Amino acid sequence: MRAFEGSPYLSLSQDGSEIICHRHDTPRPWCNYLTNGDFTAIVTQTGAGFSFLYDSMYNQVLHSGDLTLNEPIPGRYLYLRDSDSGEYWNPTVTPSMRPPDAFEARHAPGSTTLRTSQQGIETTMTVFVPLDRNEEKWVIKLRNTSKQRRWLCLYSFC
């Protein structure tokens, strides 16, 4: 029997290399530990989490909060704002917790990719820790799926 068979929340990719979260509102957060041995970033399926250098107790870069809860906690966040309408949302779901129109989180060894669709904008955010640098990287791609021209602002918040 395949892992997660019958789960409305989780599945494995075809090759078994990724855990796929199909919903952001899992009973408990699903975390991925991304590390190069010195620097570690922990990312949940909603984009919450924290990072630290060497020791999670003494060298936190971002405050950890409580990852056992499925609610917004201190961490790294993005906000998208439509300049014309004034509407804003989080492409990573947290901290606003506005349900996206489409959602998928993929936890793989070495990276987490979060995909959402909201307000006619598809967002893909990949988080990883380089093997040769003590930092976390975010790669963000936006795609306008609406028929109208959009003016967006992207803000990061820690």
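**Stop 1: phenylalanine 128**

Select phenylalanine 128, which sits in strand E10. The model you have open is a predicted one. Is this side chain's residue buried, partly exposed or exposed? Phenylalanine 128 is partly exposed, because its relative accessible area is 27%, and the buried class requires a value under 20%.

Now show what surrounds phenylalanine 128. Leaving out neighbours within four places in sequence, its contacts are Leu34, Gly110, Ser111, Glu135, Glu136, Lys137 and Val139. Phenylalanine 128 and threonine 35 lie 93 residues apart in sequence, yet their C-alpha atoms are 8.1 Å apart in space.

**Stop 2: the whole chain**

Zoom out and colour by secondary structure. How many helices and strands does the protein chain have? There are zero helices and twelve strands. Read along the sequence, the pattern is β-β-β-β-β-β-β-β-β-β-β-β.

Of the 158 residues, 39% are buried. Contacts between residues 24 or more positions apart make up 45% of those with a separation of 6 or more.

**Stop 3: the six-stranded sheet**

Select E1, E2, E8, E9, E10 and E11. These six strands form an open sheet, in the order E1-E2-E8-E9-E10-E11, with antiparallel pairing. Go to the edges next: strand E1 (10-12) and strand E11 (137-144) each have a single partner strand, so one side of each is left without a neighbour in the sheet. From one strand to the next, the twist averages 15°.

E8 and E9 pair in the antiparallel sense over seven bridges. For one example, select arginine 106. Which residue in E9 is the bridge partner of arginine 106? The partner is threonine 113.

**Stop 4: the nonpolar cores**

Hide the surface and show side chains. Select Leu34, Phe39, Ala41, Val43, Leu78, Met125, Val127 and Val129: these eight residues are the largest nonpolar core. Strand E4 (39-44) and E10 are the elements that give two or more residues to this core. The largest share, three residues, comes from E4.

Centre on leucine 78, one of the core residues. Not counting residues up to four places away in sequence, leucine 78 touches Trp89, Asn90, Pro91, Thr92, Met125, Trp138, Ile140, Leu154, Tyr155 and Ser156. A second core is separate and has six residues, including Cys21, Val93, Phe103 and Ala105.

**Stop 5**

Finish with the backbone. Most residues other than glycine have a negative phi.

Select tyrosine 54 first. It is found in the loop between strand E5 (49-53) and strand E6 (77-82). Its phi is positive, about 70°, although tyrosine 54 is not a glycine. Tyrosine 54 counts as exposed because its relative accessibility is 55%, and the cut-off for that class is over 50%.

Then select glutamine 119. Where is glutamine 119 placed? It lies in the loop between strand E9 (111-118) and strand E10 (121-128). Phi of glutamine 119 is near 55°, again positive in a residue other than glycine. With a relative accessible area of 35%, glutamine 119 is partly exposed.

Notes. Residues numbered from 1 in each chain as written. Predicted model: local features only at pLDDT ≥ 70, side-chain atom pairs only at ≥ 80, totals over all residues. Heavy atoms only, no water. Helix = DSSP H or I, 4+ residues; strand = E, 2+ residues; numbered from the N terminus. Buried < 20%, exposed > 50% of the residue type's maximum accessible area, 1.4 Å probe, protein only. Contact = heavy atoms within 4.5 Å. Pairing = 2+ DSSP bridges. Axes fitted to C-alpha atoms, helices over the stretch in contact; angles between N-to-C directions. Core = buried A, V, L, I, M, F, W, Y, C linked by side-chain atoms within 4.5 Å.
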